[in-house]
Amino acid sequence: MDPTRRRIRKIDKDAQRFVAQALGNTNLSLSDYDMIHTVNRRPGITQEELRKKYCLDKSTIARRAAKLEREGYIERRSHPEDGRRKQLFITEKGKVLRNAKVEAESFFFEWLTADLTPQELAQLCPLLDRIQLRSRDERRQQFQHLLEVYAQSHGGSSNP
């Protein structure tokens, strides 16, 4: 049985829901916020790169990008070498939203951990760091090792 019982994911979802409500942007999905964050971190990312990153189909990424462009959070431009490809860039409005999101997340996690003693935080933070680094390292390898292990433990297939 999963010892975390998906607690980390549930806390993350609560944090994201708090952010959306605190910022009054309930018309944006959690995935929209993720895309704005990614475009901020990787200016000029293509829709194809986003499709691969999020494992979504082209039309889903195109619809989401169009929505965020209509809302004024990102800008789509034709790729200088291939006009059919679209590169995405964050707008000033997108940067303001992203910064407000970071502030609201920080507020939420400060509130969440306020009841922990300094000793408890000293125990928790290094453990979370280890978990996050393990996850990051595997993600950077496109989860190759983890997918192999998953396929072996689930009858040789990683597809449902």
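Trainee: Which residues touch the most other members in the largest nonpolar core?

Mentor: Leu28, Ile36, Val39, Leu68 and Leu88 do, out of the 16 residues in that core. Keep in mind as we go that this is a predicted model.

Trainee: Which elements give two or more residues to this core?

Mentor: Helix H2 (30–41), helix H4 (58–70) and strand E3 (86–90) do. H2 gives the most, with four residues.

Trainee: Now the wider view. How many helices and strands does the protein have?

Mentor: There are seven helices and three strands. Read from the N terminus, the order is α-α-β-α-α-β-β-α-α-α. The C-alpha atoms fill a box of roughly 55 × 45 × 25 Å along the principal axes. Buried residues account for 25% of the 160 residues. As for contacts between residues at least 6 apart in sequence, 49% join residues at least 24 apart.

Trainee: How do I read a helix crossing, say H2 with H5?

Mentor: Begin with the axes, then the angle, then the hand, then the residues. The axes of H2 and H5 come within 10 Å and cross at roughly 110°. Angles of 65 to 115 degrees count as roughly perpendicular, and H2 and H5 are therefore roughly perpendicular to each other. Their crossing is left-handed. H2 brings Tyr33, Ile36, His37 and Asn40 to the contact, while H5 brings Gly94, Lys95, Leu97, Arg98 and Lys101. By class, this contact has three nonpolar, three polar and three charged residues.

Trainee: And at what angle do the axes of H2 and H3 cross?

Mentor: At roughly 125°, with the axes of H2 and helix H3 (residues 47–54) coming within 12 Å. That angle makes H2 oblique to H3. The crossing of H2 and H3 is right-handed. Asp34, Met35 and Thr38 of H2 meet Leu50, Lys53 and Tyr54 of H3. The residues of this contact divide into three nonpolar, one polar and two charged.

Trainee: Is Ile90 buried or exposed?

Mentor: The test is a cut-off: buried means under 20% relative accessible area. Ile90 has 14% relative accessibility, so Ile90 counts as buried. You will find Ile90 in strand E3.

Trainee: What does Ile90 touch beyond its neighbours within four places in sequence?

Mentor: Ile90 is in contact with Ile36, Val39, Asn40, Tyr73, Ile74 and Lys95.

Technical notes:
Residues numbered from 1 in each chain as written. Predicted model: local features only at pLDDT ≥ 70, side-chain atom pairs only at ≥ 80, totals over all residues. Heavy atoms only, no water. Core = buried A, V, L, I, M, F, W, Y, C linked by side-chain atoms within 4.5 Å. Buried < 20%, exposed > 50% of the residue type's maximum accessible area, 1.4 Å probe, protein only. Axes fitted to C-alpha atoms, helices over the stretch in contact; angles between N-to-C directions. Parallel < 35°, antiparallel > 145°, perpendicular 65-115°, else oblique. Left-handed = near helix turned anticlockwise from the far one by under 90°. Contact = heavy atoms within 4.5 Å. Nonpolar A, V, L, I, M, F, W, Y, C, P; charged D, E, K, R; others polar.
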